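Below are my notes on the model you sent. They are set out as numbered points, starting with the whole chain and ending with single residues.

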Amino acid sequence: MDPQPTAEAETDEPLARPGESPRTDAPRPLAPPDAPGPLAAPTDAPGFLAPTPAPGPLAPPDVPRPLVRRLLAPVATLAGVAAAFAYVGAVDPNEPGHYPVCPMLRLAGVFCPGCGGLRSAHAFVHGDLPAALGANALAVVGYGVFAAVMALWLVRVIRGVPMRLTISPVSWWGIGAVLALFTLVRNLPFGSALAP
């Protein structure tokens, strides 16, 4: 005949001896929080995760920001660029003393990809596109790219669609190659048309 299981065998705790209190440092088995009885886990027990409430009519819906707040970033960017163009349009870079000389041109005598950019911007502001292209053709292309990105940004903001502009590493390498080629060609005798 099998012996009857004892409380010690069921709980893996030794029984308290007469005159001693039962052990309280032994881990208690956890039961589901909604289970009745003394085995229910206290809500402040370590490792207890309270159930998250299901989304219902009390959960606030995602409210889109007002149009004015969404327009702040693109309008501020456009205002900053317009202010810079207005300054370059008012202060002629063709007159010496207004702007610093390109350090690469001063130290090495080589036109960098940005050389002539201020003169290009000045001519562009005054509507002289041939002079802008002659000073820095790549800068004029940059103005067009900037205008396209700004138009896309404004349209997406008005529609409430977030603007995410990501450029892949291959594109960065392509941009670097174009800048290097432009710099090389404008410093060679046959590329003098691209020199400022």
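Among contacts in the protein between residues at least 6 apart in sequence, what percentage join residues at least 24 apart? The figure is 49%, where contact means heavy atoms within 4.5 Å.

1. Basis. This is a predicted model, in which local features need pLDDT of at least 70 and side-chain atom pairs count only at pLDDT 80 or more, while totals for chains, interfaces and linings use all residues. Residues are numbered from 1 along each chain as its sequence is written, and side-chain values use heavy atoms, with hydrogens and water left out.

2. Overall make-up. The protein has seven helices and zero strands, so the order from the N terminus reads α-α-α-α-α-α-α. Helices (H or I, at least four residues) and strands (E, at least two) are DSSP runs, numbered from the N terminus. Of the 196 residues, 16% count as buried. Buried means under 20% relative accessible area, exposed over 50%, and partly exposed in between, with a 1.4 Å probe and protein chains only.

3. α2 against α6. The axes of helix α2 (residues 67–90) and helix α6 (residues 137–159) come within 9 Å and cross at roughly 160°. That angle makes α2 roughly antiparallel to α6. Axes here are lines fitted to C-alpha atoms, for helices over the stretch in contact, and angles run from 0 to 180 degrees between N-to-C directions. Angles under 35 degrees count as roughly parallel, over 145 as roughly antiparallel, 65 to 115 as roughly perpendicular and the rest as oblique. The crossing of α2 and α6 is left-handed; a crossing is left-handed if the near helix is turned anticlockwise from the far one by less than a right angle, and right-handed if clockwise.

4. Residues between α2 and α6. On the α2 side, the residues that meet α6 include Leu67, Leu71, Leu78, Val81 and Phe85. Among their counterparts in α6 are Tyr143, Phe146, Met150, Trp153 and Leu154. By class, the contact of α2 with α6 has 14 nonpolar, one polar and one charged residues. Ala, Val, Leu, Ile, Met, Phe, Trp, Tyr, Cys and Pro count as nonpolar, Asp, Glu, Lys and Arg as charged, and the others, Gly among them, as polar.

5. α4 against α2. The axes of α2 and α4 come within 8 Å and cross at roughly 90°, and the two helices are therefore roughly perpendicular to each other. Phe85, Val88 and Gly89 in α2 meet Leu118, Ala121, His122, Phe124 and Val125 in α4. This contact divides into six nonpolar, two polar and no charged residues.

6. α4 against α6. α4 and α6 pack at an angle of about 55°, with their axes 9 Å apart, which makes α4 oblique to α6. Their crossing is right-handed. Gly117, Ser120, Ala121 and Phe124 in α4 meet Ala139, Val140 and Tyr143 in α6. The classes here are five nonpolar, two polar and no charged.

7. Buried side of α4. Which residues of α4 are buried? They are Gly117, Ser120, Ala121, His122 and Ala123, and they pack against α2, α5 (129–135) and α6. After α4 comes glycine 127, whose phi is positive, near 80°.

8. Histidine 122. This residue is found in helix α4 (residues 117–125) and counts as buried because its relative accessibility is 12%. A polar contact of 3.5 Å joins its side chain to that of aspartate 92. The term means a pair of N or O atoms within 3.5 Å; within protein, one must be able to donate a hydrogen and the other to accept it, and residues adjacent in sequence count only if both atoms are side-chain atoms. Not counting residues up to four places away in sequence, histidine 122 touches Val88, Gly89, Val91, Asp92, Pro93 and Asn94.

9. Valine 149. Valine 149 lies in helix α6 and is partly exposed, with a relative accessible area of 28%. Residues up to four places away in sequence aside, valine 149 touches Met163 and Leu165. Valine 149 and methionine 163 are 14 residues apart in sequence and 10.0 Å apart in space, C-alpha to C-alpha.

10. Threonine 183. Leaving aside neighbours within four places in sequence, threonine 183 is in contact with Phe111, Cys112 and Pro113.
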